[in-house]
Amino acid sequence: MPYASVSSEAGLNRPITINTLRKMKAQGDKFVTVALYDAPMAAMALKSGVEVLLVGDSLGMTVLGYDSTIPVTMEQMIYHVEAVKRGNSLSLIMGDMPFMTYATPEQAMANATRIMQAGAHMVKIEGGEWLADTVRMLSERGIPVCAHLGLTPQSVNKFGGFRVQGRDQAQAQKILDDARLLDQAGADLLVLECVPSALAQAITAAVDMPTIGIGAGRETDAQVLVINDILGLTPQPPKFSKNFLVEAEDIPGALRKYVGDVKNGVFPDEVHTFG
Ligand code: KIV
């Protein structure tokens, strides 16, 4: 049976759009995101009620075995966005733009077009103030944008490693200012990665767009985890992740547990959070 004909059963029963997510933020209802890369997982996410699928450039590390996301290419992203699209007809699909494919607004325009034409509903780009013109340009031309602040993995060499960001006052203020700027420029979502939970909470209150946390505490509007972490496939899992398969019978069960725990405010708890 083709994945496109998998029914959502207890999962989603209507297409998720950015309006759905905005409404959920306004109502205080948490939504759930999973970073995944292929059709079978995308189909299981549909059955388990995952609202947003991120085809993350984390696939460079989780699937292709690189030690960072920097080698990932446009061709690889397009290949995986197309696969995810074939597996799921209802979740909102977000496609990551790889390293240096959005260094100028014009380059971003050309490459975002390819990701959208592969089947994404939105693109994700990493960075702050310098991306405001790019966000405006994409947004005005009909391409929704998810911004990404905090630990932005494509800048790992600039950070000197995968480190928590925004721990000192000046850095925290800069991340908050960047979030406001990108919100005003027209960004539709914001991923906050590895920042103290108090900062993520302040940003979530300060911006109109919904925020999605990973290692950012439980006060964001949504959570995202990488499928490999959810299923216990990561050799040295990060502090903020959790293996949900140990509490479930199968993969859809693990996804349903993750969805339920996020929506009920049980995940993330203190052990997954940076103070
Ligand atoms: O590439 C990715 O999967 C991501 C998430 C970890 C947020 O950017």
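The model is predicted.

Start with the whole chain. Its secondary structure amounts to eleven helices and eight strands. The C-alpha atoms fill a box of roughly 50 × 40 × 40 Å along the principal axes. The radius of gyration is 17 Å; a compact globule of 275 residues would come near 19 Å, so the chain agrees with that expectation.

Next, contacts and cover. Take the contacts between residues at least 6 apart in sequence: 65% of them join residues at least 24 apart. Of the 275 residues, 57% are buried, meaning under 20% relative accessible area.

Charge comes next. There are 23 positive and 30 negative side chains. The centres of the two sets lie 2 Å apart.

Now zoom in on strand β3, residues 92-96. This strand is mostly covered, with five of its five residues buried. In a regular strand, side chains alternate between the two faces of the sheet. In β3, L92, M94 and D96 point one way. I93 and G95 point the other way. Both sets are buried.

Which strands pair with β3? Strand β2 (residues 52-55) pairs with β3 in the parallel sense over four bridges. Here V52 has L92 of β3 as its bridge partner. Strand β4 (residues 122-126) also runs parallel to β3, joined by three bridges. In that pairing, M94 has M122 of β4 as its bridge partner.

Definitions and conventions
Residues are numbered from 1 along each chain as its sequence is written. This is a predicted model: local features need pLDDT of at least 70, side-chain atom pairs count only at pLDDT 80 or more; totals for chains, interfaces and linings use all residues. Side-chain values use heavy atoms; hydrogens and water are left out. Helices (H or I, at least four residues) and strands (E, at least two) are DSSP runs, numbered from the N terminus. The radius of gyration is taken over C-alpha atoms; the globule rule is 2.2 Å times the number of residues to the power 0.38. Buried means under 20% relative accessible area, exposed over 50%, partly exposed in between (1.4 Å probe, protein chains only). Contact means heavy atoms within 4.5 Å. Lys and Arg count as positive and Asp and Glu as negative; His and the chain ends are not counted. The place of a charge is taken as NZ of Lys, CZ of Arg, CG of Asp or CD of Glu. Two strands pair if DSSP finds at least two bridges between them.
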